[in-house]
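Open your viewer and load the model. Keep the selection tool at hand. We will go one stop at a time.

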Amino acid sequence: IPGEASGGSSLYTAVRVALRQPLTDDSFMENLVSDTERNQRILKNLGVEFALHALSKDGKDATEKFLSQVYKTFAETWSSTPSSAIAIRRKLIQSLQPAVEIDEMLKTIKCIETIRESRQRFDNSKANLEVDKLEKRWRKRWPSPLYDPSEVWERVVTFRSRLMGALVNIVPEIQTSSIVTLRTDMCLQAADGLREVGQVVLSQKFLRKYIEAIQQTQQTAAQSDWKVYDALFKLKILSGSGQALRKTLEMCRARLDEGAWKPNERISATILEARMCEQLAKAHDSGDAPDLAIAAVDRYMDAARESESIGDVAKMSQASLRLAHFCDTMLENLYCETESNTTSESANAVNKWLESSLDESASNMTEIF
């Protein structure tokens with residue numbers, strides 16, 4: 001689909017790069033915009049990029065013109081696409097989201113400018129209210145890690161960041177915590193989403209940006225403590241080597257021993273601790289693999305019990321299902337002829353634990369299943 005987050009000719013790529021790394025000389029973008037006849041196809045396919053560029057230059061009329069073209073193109077393409085072509089329609093929706101958010105920011109800017117012109121003194125509280133409304137809408141509207149590729153996540157974050165910058169440039173009087181909050185949370189959401197689609201390096205980049213942002217104030221850092229550790233632990237589980245994962249496991253255990261975090265956050269941390277133990281237990285180079293395998297079982301069961309005690313069904317289900325899957329993987333390694341990374345020592349340790357549970361009491365097996 002021309003004009004989506006990636007794809008198209010080298011000229012399309014150049015426009016996207018110029019938008020993300022603003023040039024000192026804007027003649028490249030301006031020449032494309034001015035020569036509309038020759039570049040009609042480019043403008044049609046890259047309408048959202050040019051709309052964002054126009055808004056960043058305070059060109060509200062030009063922004064509306066580009067958005068009108070984007071909506072027209074979308075309607076034409078959508079109506080000519082069979083309803084059964086789900087993948088194509090999903091890509092069309094992906095390219096529509098930034099257009100809608102540019103439109104929303106344009107309306108917010110116009111509303112704030114109206115507030116500024118109607119009063120001798122700028123009413124910051126009303127301006128804050130408008131930004132809060134926008135922030136609430138955007139908070140609920142993120143790409144899907146299941147259906148949307150990494151390019152879509154990157155574009156949403158880039159466009160939102162540039163739009164926030166455009167708001168501050170056009171209305172310099174505005175001072176709102178919502179802008180800071182939105183930009184900060186945006187980095188964390190991007191880190192989580194990119195991690196889930198397998199883009200570890202980009203995820204680390206946005207996580208670093210998030211940590212830098214929350215370090216600006218002590219209060220914000222305290223409120224975001226668990227969010228940082230949660231994102232860091234998940235990243236290490238996905239990408240960490242044996243030694244790096246061990247250090248992360250030690251960090252997680254130390255924080256739990258200190259009594260850090262709220263009860264529901266501690267349960268999540270316990271599940272992540274179990275996942276780290278599970279991953280290390282499956283590694284061939286791990287000498288204490290059997291101990292780690294039993295530790296994973298114990299921590300999953302602890303998380304399930306704690307979840308049940310506070311009535312958190314979702315976390316109880318997560319811990320129980322992960323435990324059952326871990327035990328199933330270990331038994332499959334022992335009794336089935338399959339290629340597996342699991343060490344036989346870990347599998348034997350879990351097998352003995354299951355046998356002893358059946359001999360002593362059925363309670364542990366009940367908790368597993």
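A residue counts as buried when its relative accessible area is under 20%. Keep that cut-off in mind for the whole tour. One more point before we start: this is a predicted model.

**Stop 1: the whole protein**

Show everything as a cartoon. The protein has 18 helices and zero strands. Buried residues make up 46% of its 369 residues.

**Stop 2: helix α12**

Select residues 225-239, which form helix α12. Which residues of α12 are buried? They are Trp226, Val228, Tyr229, Asp230, Ala231, Phe233, Leu235 and Ile237. Next, check the helix's length.

**Stop 3: helix α8**

Select residues 150-170, the 21 residues of helix α8. Is α8 largely enclosed or largely open? It is largely enclosed by the rest of the structure, because 16 of its 21 residues are buried.

**Stop 4**

Pick Val157, found in helix α8. Its relative accessibility is 5%, so Val157 counts as buried. What does Val157 touch, leaving out residues up to four places away in sequence? Show Trp142, Met186, Ala190 and Phe206 to see its partners. Then draw a distance to Arg183. The C-alpha atoms of Val157 and Arg183 are separated by 8.8 Å, and the two residues are 26 residues apart along the chain.

Move on to Thr158, also found in helix α8. Thr158 is buried too, since its relative accessible area is 15%. Thr158 and Leu19 are 139 residues apart in sequence, yet 9.2 Å apart in space, C-alpha to C-alpha.

**Stop 5: a helix pair**

Select residues 242-257 for helix α13 and residues 263-281 for helix α14. They pack at an angle of about 150°, with axes 10 Å apart. An angle over 145 degrees counts as roughly antiparallel. The two helices are therefore roughly antiparallel to each other. Their crossing is left-handed. Now show side chains at the contact. From α13, the residues include Leu245, Leu249, Cys252 and Leu256. From α14, they include Ala269, Glu273, Met276 and Leu280.

Conventions:
Residues numbered from 1 in each chain as written. Predicted model: local features only at pLDDT ≥ 70, side-chain atom pairs only at ≥ 80, totals over all residues. Heavy atoms only, no water. Helix = DSSP H or I, 4+ residues; strand = E, 2+ residues; numbered from the N terminus. Buried < 20%, exposed > 50% of the residue type's maximum accessible area, 1.4 Å probe, protein only. Expected span 1.5 Å × (residues − 1). Axes fitted to C-alpha atoms, helices over the stretch in contact; angles between N-to-C directions. Parallel < 35°, antiparallel > 145°, perpendicular 65-115°, else oblique. Left-handed = near helix turned anticlockwise from the far one by under 90°. Contact = heavy atoms within 4.5 Å.
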